[in-house]
Every structure is written in structure tokens, then in C-alpha cells.
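Visitor: Could you take me through this structure? I would like to know what stands behind the terms.

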Amino acid sequence: MKVAYTGWTWLVNHQDNYKFEFEQFLKEVADIGYDSVENFAFITKYFDNNAEEVKGLLDKYGLEMVNLYEHFSTDPEEDYKKAGEYIDFMKKIGATYLNLQGVMWKDAPFDRPTDEATIKAYAELSNRIGKLCKENGCVAVFHPHAATPVYTEEQIDIFLANTDPEYVWLCPDTAHTTLAGMDAVAAFKKYLPRIGYVHLKDVDPDVNNSPEWPMNRFCALGLGTVDFRGIYRVLKEGGYDGVLCVELDKPLVCNYKSALVSREYIHNVMGL
């Protein structure tokens, strides 16, 4: 399995210095020992769609960009158009996976009733993008995410029932799965035939910590209560040989330290 780290957290707070921060991200994760990286698809805009420049930086630090991450908007046709542009960029830098996510809300309530119509619309769009990905040698994966219409087990089941497994895979996230009330090990076992990509992060079990925005409870691997040994066992025994990508929305101190803590945990616990 490849061990990757996501880079958007280096970039979001330095909007006047994207290219420097992107290279700093690559420099730091390479130093720590990651072999692959991912980033939100906005990286194409930051580099004016200059895939050669991005590939040059990846090669400089001996890293592979395995994934671009597309956030859906309220305009499915625009999302499909952007997916085509991202796929073209991915092919030029050697990326394989296009991660998809529904629109996220940031106002109360955090948890909302299942919106089956929206989930089915996402499924239809994901099928179209997934077919486009496959035709171009790429893989579409969908990321169930807190504060979006596809998050809980019920919502994931509806989404998967309405997507073609030939075109759309799942990207389960250990923290979002846990936050949604699922047993992460059981969920990974249930969805194993559809898993195409994996996000890893831990969760502080204290529900009184940031109840207004539970995603603030996410933490580096080993600092929460997610059973990563059990998840890794399910993946390994099930023949998964893809990417394990670590992500952390809000590092406790800095991106480098959180990435280091998680990389050491993966090495010590999973032997990777």
C-alpha cells in the first residue's frame, strides 16, 4: 500500500504565496517519509493549469501525486466540465484518482435528515464522471463527509445502490465514518468490495469537545480512539493494495508535526 499525505492545509492560510507553500508541503512530507501526496483540485488554478511545473516539483522531491479532490457545487454540469479539466491535468502529472465530495454546509444543524433526491443526483453525476475517468485511465472515488448529504451509513448505502461499481468507488474516511456513528472496522469490512481509496485520521472521543463543529475533534493518528489495526487488517486480508492517505483539517501545532506523528504511527502499527 502507498502512504500519502494531503497538502491543502499548507495552502489555505497563505493565499498570496501558494507556490511556495505547495513546495514547502512537498519538501516536508518527503522529509518525513511519505511516498505520495494528494491535493484539492484548486491546485490547477494556483499553477495556471501548468501541469509540467507541478510534475517538476513532484519529481524534485521524489513524490507521486496520486489524487486530486473535487468538491461538487450546486451546478452539476459545471462540476462535470471541471472534472474533465482535472482529469486532463491528472494525466499530465501521473495522478490516478479523482476524489469527489458533496456540497458541505457550515451552519446549524450539523446533522440533517437524509435527502434521497440529492444523494441520487450526486450518484448520477458521479456515474458520469466515473465513466469519463475510466475512459481516460483514471478512477473516480466518492468521499462520504460530515455536513454533506452523503455521510451516514444509510446515506452511503443509497449512494452506492445508485452508482455503477464499474465507474464509482468509495473513499471511506476513518474519522468521518466514526463521527457518523459507525464502527469503523465494521464499515470498512462492509464496504470493502467498493473501496478504491482510503483517508486516515483519528478522532478525539470527547463529544463535549467542540459540539458545534465536531470535525474539530479530528486528530493525528494514535491520538484518538480509531482502531487502525483493525482497519488495516480488514484491508490487508481483503486484498486492498491502494493508497492510505493521511489528512488532518486542523493540526494541533503545525502541519509538519501532525504529519510526522501520523507517519511514525503508520510505521510502528502497520509496518508501512
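Guide: Here are some terms and the residues behind them. This is a predicted model, where local features need pLDDT of at least 70, side-chain atom pairs count only at pLDDT 80 or more, and totals for chains, interfaces and linings use all residues. Residues are numbered from 1 along each chain as its sequence is written, and side-chain values use heavy atoms, leaving out hydrogens and water.

Visitor: Why is Glu38 said to have no salt bridge?

Guide: A salt bridge needs a side-chain nitrogen of Lys or Arg within 4 Å of a carboxyl oxygen of Asp or Glu. The nearest side chain of opposite charge, Lys201, is 7.7 Å away, so Glu38 has none. Yet Glu38 is buried, meaning under 20% relative accessible area with a 1.4 Å probe, protein chains only.

Visitor: What makes the pairing of Glu38 with Tyr197 a polar contact?

Guide: The limit is 3.5 Å between N or O atoms, one able to donate a hydrogen and the other to accept it; residues adjacent in sequence count only if both atoms are side-chain atoms. The side chains of Glu38 and Tyr197 are at 2.8 Å, so the pair qualifies. The side chain of His199 also makes a polar contact with that of Glu38, at 2.8 Å.

Visitor: How do you know that the span of α6 is close to the expected one?

Guide: The expected span is 1.5 Å times one less than the number of residues. α6 has 20 residues, and 28 Å is expected. Just after α6, Gly137 takes a positive phi of about 75 degrees.

Definitions and conventions: Buried < 20%, exposed > 50% of the residue type's maximum accessible area, 1.4 Å probe, protein only. Lys, Arg positive; Asp, Glu negative; His and termini not counted. Helix = DSSP H or I, 4+ residues; strand = E, 2+ residues; numbered from the N terminus.
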